[in-house]
Amino acid sequence: MKKTFIISIAVLFVFTFVPMAICAETAKIGVFSFQKVLTESSAGKLSQKRVRARGKELQQKLKAEKKKIDEMQKNFEREALVLSPEKQKEKQRDFRIRVNDFKRMQEDFAKEFKRLEVSEINKIKKAVFQIINQIGKQEGYLLILEQQSAGVIYHPDRIDITDKIIKTYNLQISKTKK
């Protein structure tokens, strides 16, 4: 009976205190918003500024070309009555070629703009993910999730580490500029 009592005390101890000791280290989970990092970090703002500047530059080139096409069309309409049929066909052909070139230019500029945007985002993403890995290792996180891509619908504010990431990223960028 004494053995049974000792065994039951040991089993009770194992099932009561061992799980508590194992679970004493809580699972630390973090969540961050990459979109917020893009819009609020100094590197993100600088990147957006570069993309917008390039977009404006491309837009100005398109406007200038559109203006030339409009002038070409007005000239053709003005001269259409006095031109011979061969000259009219030639001018119409030149106009169609110019319009097709303009459409191709628009497509090329859109692709270039998208490529620049993706390139800028990827640079930031690479740096931010390195920072997240550092923070995760240093502070003992079990898991760090990105809000949108992980499908996080709700999380308490205390596990949001976005501001910490932005602060670290801004500090890192300011150090590399010096």
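1. Does Ile-29 count as buried, exposed or partly exposed, and what is its relative accessibility? In this predicted model, Ile-29 counts as partly exposed because its relative accessibility is 34%, between the cut-offs of 20% and 50%. Ile-29 belongs to strand β1, which spans residues 29–32. Together with Leu-142 and Leu-143, Ile-29 makes up a nonpolar surface patch with about 270 Å² of accessible area.

2. The chain contains six helices and two strands, in the order α-β-α-α-α-β-α-α from the N terminus. Of its 178 residues, 22% count as buried.

3. Helix α3 (residues 42–79) and helix α4 (residues 85–139) have axes that come within 10 Å and cross at roughly 175°. The two helices are therefore roughly antiparallel. Their contact comprises 15 nonpolar, seven polar and 13 charged residues.

4. Eleven salt bridges are present in the structure. One of them pairs Lys-91 with Glu-79, with 3.4 Å between the closest N and O atoms. This pair links distant parts of the chain, Lys-91 in α4 and Glu-79 in α3, twelve residues apart. Lys-91 is partly exposed at 33% relative accessible area, and Glu-79 is partly exposed at 30%.

5. Within helix α4, Asp-101 and Arg-104 are three residues apart, about one turn, and form a salt bridge at 3.0 Å, N to O. Asp-101 counts as partly exposed at 35% relative accessibility, as does Arg-104 at 45%.

6. Glu-120 and Lys-123 form a salt bridge at 3.7 Å, N to O. Glu-120 is buried, with a relative accessible area of 5%, whereas Lys-123 counts as exposed at 51%. Salt bridges with shared partners join Arg-50, Glu-120 and Lys-123 into one network.

Notes: Residues numbered from 1 in each chain as written. Predicted model: local features only at pLDDT ≥ 70, side-chain atom pairs only at ≥ 80, totals over all residues. Heavy atoms only, no water. Axes fitted to C-alpha atoms, helices over the stretch in contact; angles between N-to-C directions. Helix = DSSP H or I, 4+ residues; strand = E, 2+ residues; numbered from the N terminus. Parallel < 35°, antiparallel > 145°, perpendicular 65-115°, else oblique. Nonpolar A, V, L, I, M, F, W, Y, C, P; charged D, E, K, R; others polar. Patch = residues over 30% accessible without salt bridge, like charges linked within 9 Å, V, L, I, M, F, W, Y side chains within 5 Å. Areas by Shrake-Rupley, 256 points an atom, 1.4 Å probe, with all protein chains shown as cover. Salt bridge = Lys/Arg side-chain N within 4 Å of Asp/Glu carboxyl O. Buried < 20%, exposed > 50% of the residue type's maximum accessible area, 1.4 Å probe, protein only.
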